[in-house]
Amino acid sequence: MVVVGIALLLALGIGCRGGEEAEGFSGERALEHVRTQVLLGPRPPGSEAAGRLRSWLRAELETLGFQVHEQPFVARTPLGAISMVNLVAFLSGSSERMLVLGAHADTKRFAEFEFVGANDGASGVAAVLELARVLSARPLRHTLALTFFDGEEALVEWGPDDSLYGSTHLVDSWVESRLARKVSAVFILDMVGDRNLRITDELNSHPQLRSRLREEAARLGYARIFSGPEQGVEDDHIPFLMAGIPALNVIGFAISPEGVVPTYWHSPHDTLDKVSASSLQAVGRTVEACLRRLDLELNP
Ligand SMILES: [Zn+2]
């Protein structure tokens, strides 16, 4: 069936696009999604650009067949109460068990310069959106939930009371509604587009998901990209872990004695030229492989 289908597509001349399989995760498409976000300008909580980003995501995801919801809430921040909005999208599988794929949609607010967050913000959203296309074309048995968080970044200084606003709110609401019980695993993508990407072996993440990520990366020939140092990172996976939900942070970020990698992090230089299609593709294909493998193994 599959072979006949592909042969037919090839005969019609629509099987390949730029040498890539039409069905596989495309780094080029993901890079276009980074560009779209960067062109919106800075996207901090409450900004007009953040609203435009959500409208664009909603339209793209509804076209793919997802049910899209906005989750507005008011965050208590050191700068006072700020309205924030998470965007959540569901694609029903044959099972109610859920696999969750998330990224933060906000960019860190800087008064001194324009921060467009090509890698820190846009790359994660872009990879999740391209994964949405690939996973809707050949759905999982699990129900797929995509979560685009507002307010991941600190407004003044990173700490437990000033960070992770959107993911904390979403997890609290899912615990209350008992949706949290249906979650099999969570993958959080952040800073996954760097041209010289090295994915951190993130220490807070669920151990089995950590090793699974590296196994799948090696199998696909991406071992070098997934060879970053062991390091604990605080990101949107933390509220899930604190609620007892297995979660993984897929991130290329390290603080060493020499400084922060990547060097342009939280600077005016986190621009489109720092991001590459090939890095996005390595991450996208590895995460897709992990999700498909888990979907079979967990047998929802
Ligand atoms: Zn950041």
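Helices and strands here are DSSP runs, numbered from the N terminus. Keep that in mind for every label I use. One more thing before we start: this is a predicted model.

Let's begin with a loop. L164 sits between strand β6, residues 143-149, and helix α5, residues 165-177. Its phi is positive, about 50 degrees, although L164 is not a glycine. Is L164 buried or exposed? Count the neighbours. There are 22 other C-beta atoms within 10 Å. The cut-off for buried is 20 or more. So L164 is buried.

Now go to the loop between α5 and β7, where β7 covers residues 183-190. R178 is in that loop. R178 is not a glycine, yet it has a positive phi of about 70 degrees. Count again. R178 has 8 C-beta neighbours inside 10 Å. Exposed means 12 or fewer, so R178 counts as exposed.

Next, G232. Find it in the loop between β9, residues 230-231, and α7, residues 238-242. G232 is exposed, because it has 11 other C-beta atoms within 10 Å. What does G232 touch, leaving out residues up to four places away in sequence? The answer is E202, L203 and N204. Look also at I255, 23 residues from G232 along the chain. Their C-alpha atoms are 9.8 Å apart.

One more loop. P262 lies between β12, residues 259-261, and α8. The peptide bond joining V261 and P262 is cis, with omega about 0 degrees.

On to the helices. α4 runs over residues 118-137, 20 residues in total. From first C-alpha to last, α4 reaches 27 Å, close to the expected 28 Å. α4 is mostly covered, with 17 of its 20 residues buried.

Then a helix pair. α6 is residues 207-219, and α8 is residues 277-297. Their axes come within 9 Å and cross at roughly 115 degrees. The crossing is right-handed. Which residues make the contact? From α6, they are R212, L213, E216 and A217. From α8, they are T286, A289, C290 and R293. By class, that is four nonpolar, one polar and three charged.

Finally, step back to the whole chain. It has eight helices and 12 strands. Buried residues make up 45% of the 300. Take the contacts with a separation of 6 or more: residues 24 or more positions apart account for 80% of them.

Note on methods: Residues numbered from 1 in each chain as written. Predicted model: local features only at pLDDT ≥ 70, side-chain atom pairs only at ≥ 80, totals over all residues. Axes fitted to C-alpha atoms, helices over the stretch in contact; angles between N-to-C directions. Helix = DSSP H or I, 4+ residues; strand = E, 2+ residues; numbered from the N terminus. Left-handed = near helix turned anticlockwise from the far one by under 90°. Contact = placed C-beta atoms within 7 Å. Nonpolar A, V, L, I, M, F, W, Y, C, P; charged D, E, K, R; others polar. Expected span 1.5 Å × (residues − 1).
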